[in-house]
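Dear colleague,

Please find the structure below, together with its sequence.

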Amino acid sequence: MYVFDRRAMKERLPQHIFEALMASIEGGQKLDSAMADMVAAAMKEWALSKGATHWTHWFHPRTEMTAEKHMSFMSKDESGMPIESFKGKELIQSEPDASSLPSGGIRSTFEARGYSAWDPSSPAFIMMSKKGGTLCIPSVFISYDGTPLDLKTPLLKAVDAVETRSMRLLKLFGNRGIKWAHVTVGAEQEYFLVDSAVAKNRLDIRYCGRTILGCPPPKGQQMEDHYFGSIPTRVLSFMEDVERDLYRLGVVITTRHNEVAPCQFEFAPQFADANLACDQNQQIMDVMRKMAKRHDFQLLLHEKPFAGLNGSGKHVNFSIMDSEGRNLLKPSSNHRKNIQFLTFLSALLLGVSKYHSLLRAAIASPGNMHRLGGNEAPPAIMSAYLGSTLTGILDAVEKGLPDDMPAQALIDLGMNKLPSVMADNSDRNRTSPLAFTGNKFEFRAPGAPQSIAGPLTMILAAWAWGLETVGDMIESRVGEVDALDAALEAIKFAAAESRAFRFEGNAYSPQWHEEAKKRGLTIVNSTPEALALFLLPENRELLSKLHIMTDREVIAYYEIRLEQFIKTVEIEMGVLRTMVWEGILPALSKQILLESSSLSVLPEDVRKEACSWSACIGRLGSLKTALISASEKLDAIKEKMHSLDMEEQAASITGEVLPLCAHIRQICDTAESFVAGDIWPYPTYTKLLSIS
């Protein structure tokens, strides 16, 4: 194992140091410098024994990826002799450059100093290489003045907000022996694999992670024969190697299978505490990238690598577990526990219904705009699905139960049968962005390459607000009525307040869009519009009140995401232009020349009858003319954008650039269908979606 987990800590640390470290992890107590030195020494010796030569603070800047600055264990003593050194102060804090990572204006280029600080709640691990390994120490990343510059810090605060309020609610239900309640998460990871030898000849795949042009293949996913089918031998070998390396890092993959689209697959890990699950998802993506190269694959994590085929999401499953091992979102045959279950569920519904715009903002990205609403991806309208049984119970609590009705009557609605009903008879609505799946919620809207930290932070912020509101309602009534009756009143309130957000039907249907408007739900389709929802006063106030993000940090977060959108599209514009001028236009000329030359050598009487042939040549010429005109128009828009501010650039992209790029793609795809295969400059979808 290449993870410095509790077992490794216990083996290598003195008992009192181990206990102090556990207190630090579980209770937030600080380690003094002497203890930190002993932990660092044990961690160093363990890492060296595994073959590590360097160490790094491993953190999550707002690039959606991870960052690391490797430092050697090797140094010199006073006499110049080499020694291996790693001290407590280096473990606790490091100083990477903060000027060149996204900050949203919080840091200027000349303000380079930033700090990474050890996060002991996530175990250190070693990333092995051919010639050694690097000890990776999970850390937060902050600026010189203490302002967070990462995704982990807000997540940790959001997790704490939910867990603190969950403990309060558990106490109100009389759970005196509960020591903690932890948010647990399992993030399913969808991805595509294509042959690297083929993919390297596609500039768009190399620089954009997706195809920005290409005709649909004759056989895509129409036959529905890839989903859960036999895993190709090469892919299975890749999967097995990924699983082996991840297991050594303490990550257990519980599920692997073919996904719906050709060359699309999925991994699902074992649930873990939210913060650790976030780290592990980054480890999963990192190991997958490296292993794909070893197996001569190109890994595609883009939300929509191929037009007309299913995109790739990251389904974030989450719940809460208490110190006695109980899942608080799992229905029970015990009446009291079922009321408690309904209370936690209702608190989430209450929060996400009020702050559903924050959920929409959290999953907004350049690639997700192409995916949302396509095939099996959820729509851009946020809603929740519970299933008919739970919906019926909430409806009955809201409308059918008078305030003074005994709580025991709730069992008559089928509460004692919930486990079997939810497990066996409740359908799964795959069109819903947020669905209850029996003992957890599944947030299906995040995109495959996205860090789960951002979406999880926002959904937990909404849940924390719901838990606090419900807790206040129950606490205000305890003493006047029984806690269960007080909880039923709170559930009734939450059921009524969340009614507009709950939807059991087909969220793909046009009728749902009309219905969602009537319900007052936020409907935005473009990424800039969705990102702007971060700036709504109620969302800024929520994050600030819960101490998850200050108002300044929210604005910076918005600006970072918007800048990433603009830069991503600018890169795609440049790649599209290059592919058009260096590949497609010359290919059209070759095809026109070939057709014209062939036609010219025919006898005159045959040429007169070859009207369709002549029309084909004319069509090719028209395509080339239209493509040149559209490309020049794109150049002009790109030049004009340089004089605009960030919001104006984003508006230009959604209003002009993306429609024009779609038009250029349509011309290119039409041209592909008329140009000979040996002339067409790029590997086609048919070649890309065939694993040799």
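**Buried charges and a link across the chain**

Glutamate 64 counts as buried, because its relative accessibility is 13%; buried means under 20% relative accessible area, exposed over 50%, and partly exposed in between (1.4 Å probe, protein chains only). The model is a predicted one, in which local features need pLDDT of at least 70 and side-chain atom pairs count only at pLDDT 80 or more, while totals for chains, interfaces and linings use all residues. Residues are numbered from 1 along each chain as its sequence is written, and side-chain values use heavy atoms, with hydrogens and water left out.

The side chain of glutamate 64 meets that of arginine 561 in a salt bridge, at 2.1 Å from N to O. The term stands for a side-chain nitrogen of Lys or Arg within 4 Å of a carboxyl oxygen of Asp or Glu. Glutamate 64 lies in the loop between strand S1 (54–58) and strand S2 (71–72), and arginine 561 in helix H20 (residues 551–600), so the pair ties together parts that are 497 residues apart in sequence. Helices (H or I, at least four residues) and strands (E, at least two) are DSSP runs, numbered from the N terminus. Arginine 561 is also counted as buried, at 6% relative accessibility. By the rule above, the count comes to 31 salt bridges.

**Salt bridges within helices**

Arginine 248 is partly exposed, with a relative accessible area of 35%, whereas aspartate 245 counts as buried at 17% relative accessibility. Both belong to a network of salt bridges that links Asp241, Arg244, Asp245 and Arg248.

Another pair is arginine 519 and glutamate 515, whose closest N and O atoms are 3.0 Å apart. These two residues lie in helix H17 (residues 510–519), four residues apart, about one turn of the helix. Arginine 519 counts as partly exposed at 26% relative accessibility, and glutamate 515 is partly exposed with a relative accessible area of 30%.

Four strands form an open sheet in the order S11-S12-S10-S14, with antiparallel pairing; two strands pair if DSSP finds at least two bridges between them. Strand S11 (253–258) and strand S14 (297–300) stand at the edges with a single partner strand each, so one side of each has no neighbour in the sheet. S11 and S12 pair over five bridges, and arginine 256 has phenylalanine 267 in S12 as its bridge partner. In the hairpin of S11 and S12, with five residues between the strands, cysteine 263 takes a positive phi near 65 degrees.

Strand S10 (residues 189–195) pairs with S14 over four bridges; here aspartate 195 has phenylalanine 297 in S14 as its bridge partner. Helix H8 packs on the sheet, touching S10, S11, strand S12 (264–269) and S14, where contact means heavy atoms within 4.5 Å.

**A residue in helix H23**

Isoleucine 667 lies in helix H23 (residues 646–672) and counts as buried at 7% relative accessibility. Leaving aside neighbours within four places in sequence, isoleucine 667 is in contact with Leu623, Ala626, Leu627 and Ala630.

With kind regards

Terms used
Axes are lines fitted to C-alpha atoms, for helices over the stretch in contact, and angles run from 0 to 180 degrees between N-to-C directions.
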